[in-house]
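Subject: Handing over the structure

Dear colleague,

I am passing this structure on to you, and you will find the sequence and the coordinates directly below. Please look through them first, and then read the notes that come after.

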Amino acid sequence: MFDVVIVGGSVVNGTGAAAYRADVGVVGERIVEIGDLSQSDARRVINATGLTVSPGFIDTHAHSDGILLIDPQHADGLRQGITTEILGQDGLSYAPLSPENYRMNRRYLAGILGEPPEDLDMSSVAAFRSHYHKKTAINTAYCIAHGAIRLETVGFYDKPLVGDALEKGKQLIREGMEQGAVGLATGMSYFPNAWSDTDELVELCKVVAEYGGVYVTHLRDVNTERGFGGGDVPEALEIGRRSGVKVHFSHYRTHPESAGQVAERVRLIDEAKAEGVDCTLELYPYPTGSSYPIRYLPSEVNNGGPEALMERLRDPEERQRMLEYMQAGSNDLSSAVFTYLPKNNHLEGMSLRDIADDRGESMEETMMWLLEDEELQVGYRGAPPDSVKVWQQVSRDCVELLSRPDYMVGSDSIHVGSMPHPRAYGCFPRFLGRLRRSFGMLTLEQMVQRMTDSAAQRFGLTGRGRIEQGAFADIVVFDAERINDNATYDDPCQFPTGIPYVLVNGEVAVDSERCTGVFAGQAVP
């Protein structure tokens, strides 16, 4: 007796092999048989005639650490067919942190992660993982947050991580890897991460390499003088060379300013791969990103953490200095559209320029007013390019990059606010539906492989990413001809079409395009 049998579907098993007609039988958490099961007894039969049966999608980059603790159903990810998300991204997460540091970092990161309960134990990777295990609708894996390592060693200060503090940091990573982390993640646009230098990251990554883990990097564009070669790609590659760690580049793609320049974007990486540096990459299929605007402030004003930053925002002299810094900077704020303003939610969806015009002040003044009024809890996204041709070229570039075997998919999704970036609802079906059909550079089987087995192999997610006997029954049933994203920049909270069924660890989590409320997700691997 099977618990679930999926009959009549076309199996795309995740390896890139050609699709084939077969039924899939599930008992408990596992796939136990693949073949002709039409005469078998089952508690639940799912008719997949005319549909594709694939492994559940693995999102290699999601900022769901906080929201999953508030909304464990996570319909915006689950309805895309995502069954596993890798957390800790950009070094912006909660473990390992003491109770005091957790509360401080929770406040500092609220603009991107929301506000999970403040009394949670985040003192270890094991404790962190326990909050998600069989308590959420999807599986979660964790990259140790570089920001948390800095907080637990030198605090929220611009101090070098050396000597005893460095040894403590390495020990925290060693313990975290032993407790199930899959790597170390950093974001070199953010604090306290950006106060590091290349030598620090090399030493920390040596420990990650001992355990076969992955160094996941949002590349340095802050305090660039501290990074080898000025940060960015050269620094990440140097960390791989000197530590031996596997390097994974977050959201690495072309932008409207570099549309069509695919070969140039990956040139240094390909040269390093030829030398033996082990590199993989991920991307999402949109022309703009999303973040939180503390990154625009001077490095030094973050010293001391969120309360110290708030005091500086309230101080007229400090505020003027920050204003002058922002006005002299190279960041173009004119395309910023606010996604999350909990105290001023009537402004969500408005551009910074429009709000500033309404207030009769500069965009920089408005940004600092919002940061102060919202107590740093602000999220924004970029506006898409005016030129449809440029946007189409970026989309083509994304598919061309995904055609490389070293690429996989990471949504970089942020799930707070009423006007999130559309990638939170549409990343995977946009690739698998709209862009696959538009550009024809990858077969269905190849694209599924990039979304499943490729990520499972890279991050050591044992038993995930394939439809095969003995694998965990993380399964998506979708219509390859109808699957499509519906989320747009102006109407982002729209679920995709063409994904009627999703199973997580053998439990039906989406049934006829409706979430079932089953929380079968596990902390993996």
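This is a predicted model: local features need pLDDT of at least 70, side-chain atom pairs count only at pLDDT 80 or more; totals for chains, interfaces and linings use all residues.

Along the principal axes, its C-alpha atoms fill a box of roughly 80 × 50 × 45 Å. Buried residues account for 62% of the 525 residues, and, among contacts between residues at least 6 apart in sequence, 76% join residues that are at least 24 apart.

Turning to the strands, there is an open sheet of seven, in the order S3-S2-S7-S21-S22-S23-S24, and its pairing is mixed. Strand S3 (20-21) and strand S24 (514-515) are at the edges with a single partner strand each, so one side of each has no neighbour in the sheet. Within this sheet, strand S2 (residues 10-11) and strand S7 (residues 52-55) run parallel and are joined by two bridges, with valine 11 having valine 53 as its bridge partner in S7.

Strand S10 (residues 82-87) deserves a separate look. Six of its six residues are buried, so S10 is largely enclosed by the rest of the structure. Strand S8 (residues 57-59) runs parallel to S10 and is joined to it by three bridges, while four bridges join S10 to strand S11 (residues 139-145), again in parallel.

The largest pocket comes next. About 1,400 Å³ of space lies in it, and of the 50 residues that line it, Asp221, His255, Arg295, Asn331 and Tyr380 are the closest to its centre. The elements that give two or more residues to this lining are strand S16 (290-291), helix H11 (316-328) and strand S18 (379-382), and the largest share, three residues, comes from S18. Sorted by class, the lining has 21 nonpolar, 16 polar and 13 charged residues.

- Alanine 181 is found in the loop between helix H6 (163-178) and strand S12 (183-187), and with a relative accessible area of 7% it falls under the 20% cut-off, so it counts as buried. Leaving aside neighbours within four places in sequence, alanine 181 is in contact with Val125, Tyr142, Ile144 and Gly176.
- Arginine 44 has its place in strand S6 (residues 42-47) and is partly exposed, at a relative accessible area of 27%. With neighbours within four places in sequence left aside, its contacts are Asp3, Val4, Val5, Tyr501, Val508 and Asp511. The C-alpha atoms of arginine 44 and histidine 63 are separated by 34 Å, although these residues are 19 apart along the chain.
- Asparagine 105 lies in helix H2 (residues 99-108) and, at 3% relative accessibility, counts as buried. Not counting residues up to four places away in sequence, asparagine 105 touches Ser93, Leu97, Leu151 and Phe156.

Finally, some details of the backbone. A cis peptide bond, with omega about 0°, joins alanine 95 and proline 96, and proline 96 is found in the loop between S10 and H2. The peptide bond from valine 524 to proline 525 is also cis, with omega near 5°, and proline 525 lies in the segment after S24.

With best wishes

Definitions and conventions. Residues are numbered from 1 along each chain as its sequence is written. Side-chain values use heavy atoms; hydrogens and water are left out. Two strands pair if DSSP finds at least two bridges between them. Buried means under 20% relative accessible area, exposed over 50%, partly exposed in between (1.4 Å probe, protein chains only). On a 1 Å grid over the protein atoms alone, a cavity is a set of points where a 1.4 Å probe fits but cannot get out, and a pocket is an open set with protein on both sides within 12 Å along at least five of seven lines; lining residues have an atom within 4 Å of a point. Grid points are joined across faces, edges and corners, and a volume is the space filled by probe spheres set on the points. Ala, Val, Leu, Ile, Met, Phe, Trp, Tyr, Cys and Pro count as nonpolar, Asp, Glu, Lys and Arg as charged, and the others, Gly among them, as polar. Contact means heavy atoms within 4.5 Å.
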